[in-house]
Amino acid sequence: MRLTLVPLLFFCSICFAQNNYPQDYFSNPLEIPLILAGNFAELRSNHFHSGLDIKTQQREGLKVLAAADGFISRIKISHFGYGKALYITHPNGYTTVYGHLQHFNPEIEAYVKKQQYEKESYEIELFPKAGELQFSKEDVVAYSGNTGGSGGPHLHFEIRDKEEHALNPLLFGIDIADSVKPIVSNLYTYAIGDSSYVNNSNAKQKLRLIPLQNGDYMAENIEAFGEIGFAIGTTDRQNLAANNNGVYNVQTFFNGNKNFEMNFKEFSFDESKHINRLIDYEIFKTKKQRVQKLFNDNNPLSLFESVLNDGYIKIEDSTNSVYKIRITDYKNNDTWVTVNITGKKSDAFQKIQPETSPYYIYANQTTNLKEGNVSVDIYPNTFYEDLYVNFQVKNDTLILNKDIIPLQKSITISFDVSKYSDEDKNKLYIAELLGYKKYPSYSSTKRNGNTLSTFTKTLGTYALTTDNNKPTITPINFQNGQWLSNFRYLKIKIDDDLSGISNYRATVNGKWILMEYEYKTKTLTYDFNDGAVTDTKNNLKVIVTDNVGNSSTFESMFYRK
Ligand SMILES: [Zn+2]
């Protein structure tokens, strides 16, 4: 008994010391068991996931409950992002966030619709004051949905502190069964500087992983000399779902001494973009694998706990070393990866030189690249390091490197369009050309006289593109002249090739009506329960405009009593 008590006490003193978050203050925001489709800080496109994605049994319309007493401090409805989202601020200073909602409870719904009709906009952001929309713990505040940038019905749930930092909700005692060890899918090694090498080469190398019976891994043995680092592809899953989610903690040890640790507990939204520096962005872009570096190469992220020599290790000649990686999930299931390293100095190693170009960027300076009718403005600290970029301009097309280098900031790309006729000019936009087929994807384009410019955080190929096509507008559930007395909804499909939809406006008998836009299904929906349609004979008019200003008008008549 005494033998087991001592380590237990020791362990708990650590966990209490680390956790100052109120326990059991927040309750489950759904009435069903918590099963996660996504967890905190898992690696997503251009960001760390800021909360939990809770599965809703492939359904929408489940009751969403206030996780604690509080008032609605923010309501945001956007076509993308969190779709319909609620923010509840609690007396202890924390805020909980509920995203991708289908609709709100009747009180909030009425509050929001009043504002939407006043502002004549579906997209809206409101900041109600304390006392306006006050709720108790477990009150129904909304119904779960799939609105905004959501790939299937689920509830996005977040806990933020007073500084608007996203916190790992599991720190608050929210319990998710997890007895499954993290898995490791990839391991890479890097030779740092001019005189280091692994297996006689300074190139980035993928190492073979040998899975062991107990869930740990042995990497293939390597020979190395000088300073080297590693990167790992790892995920974790919880007991009740097959989803590959993020891990909680990663540590490395060199000959028994810890030399790197990162912890997924908390981050600010400002720093989330540095995920593209944490992962090997080139591997992500070329192989679709997310491998995270086990070293800090000039990354401002706050997630690094303790780092010795930036996480790199130094291998001397004629030595035998052991490098170990420990990956832990929130429930302390851990997986170890062992790499045996033989130090071996070589007279000649394969030295791959980085690609050069006439365009060398000093990361801390402003750079302007100009050729023909194209100009690129790069601001200080856009790149994480000094480097060469590929820059070419040909026939209204700009090649600005491949999208394999992450940027911390946006750059400005400008095209001079004075050679075009006024008529043609108005149909031009800047597109990023994506994939092998060079599909033109609209890049938010500003017009200023003869200059079109876009502000982007992605390197790649950009081209002036013409959009002469008007949007299409097609009724889904009604025909011209129809009686719609028993209809709850009016549904219309809107679509646009090339530049995409910029805005839409729907009126009945000249009065604005709220049509909710769902980009995933390209559908506009009006709810007759809004009460905005009161006449028997109704003229519906819908105007849709694309991003270069091509506009279509749809008119139809319907009856209702
Ligand atoms: Zn989410």
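Start at the metal: select the zinc ion and you'll find His 49 (NE2), Asp 53 (OD) and His 156 (ND1) coordinating the ion at 2.0 to 2.2 Å. Donors here are N, O and S atoms within 2.8 Å of the metal (3.2 Å for Na, K and Ca), and water is not among the atoms, so sites may look incomplete. Along the chain, the zinc donors follow the spacing H-x3-D-x102-H. Now colour by accessibility: His 49 and Asp 53 are buried, where buried means under 20% relative accessible area, exposed over 50% and partly exposed in between (1.4 Å probe, protein chains only).

A quick word on what you're viewing: this is a predicted model, in which local features need pLDDT of at least 70, side-chain atom pairs count only at pLDDT 80 or more, and totals for chains, interfaces and linings use all residues. Residues are numbered from 1 along each chain as its sequence is written, and side-chain values use heavy atoms, with hydrogens and water left out.

Next, select residues 501–508, which are strand β43, along with residues 537–546, strand β47: the two pair in the antiparallel sense over seven bridges. Strands are DSSP runs of E, at least two residues, numbered from the N terminus, and two strands pair if DSSP finds at least two bridges between them. Click Thr 507 and look across to β47, where Lys 541 is its bridge partner.

For the aromatic rings, pick Phe 478 and Phe 554, an edge-to-face pair with 6.5 Å centre to centre and 75 degrees between the planes. Rings of Phe, Tyr and Trp (its six-membered ring) pair if their centres lie within 6.5 Å; planes under 30 degrees apart count as stacked, over 60 as edge-to-face and the rest as tilted. Phe 478 lies in the loop between β40 (472–475) and β41 (482–483) while Phe 554 is in strand β48 (residues 551–559), so the pair ties together parts 76 residues apart in sequence. Both Phe 478 and Phe 554 are buried. The structure holds 29 aromatic pairs.

For a last stop, select Tyr 21, Tyr 25, Phe 26, Tyr 94 and Phe 172: ring pairs link them into a cluster.

Definitions and conventions. Helices (H or I, at least four residues) and strands (E, at least two) are DSSP runs, numbered from the N terminus.
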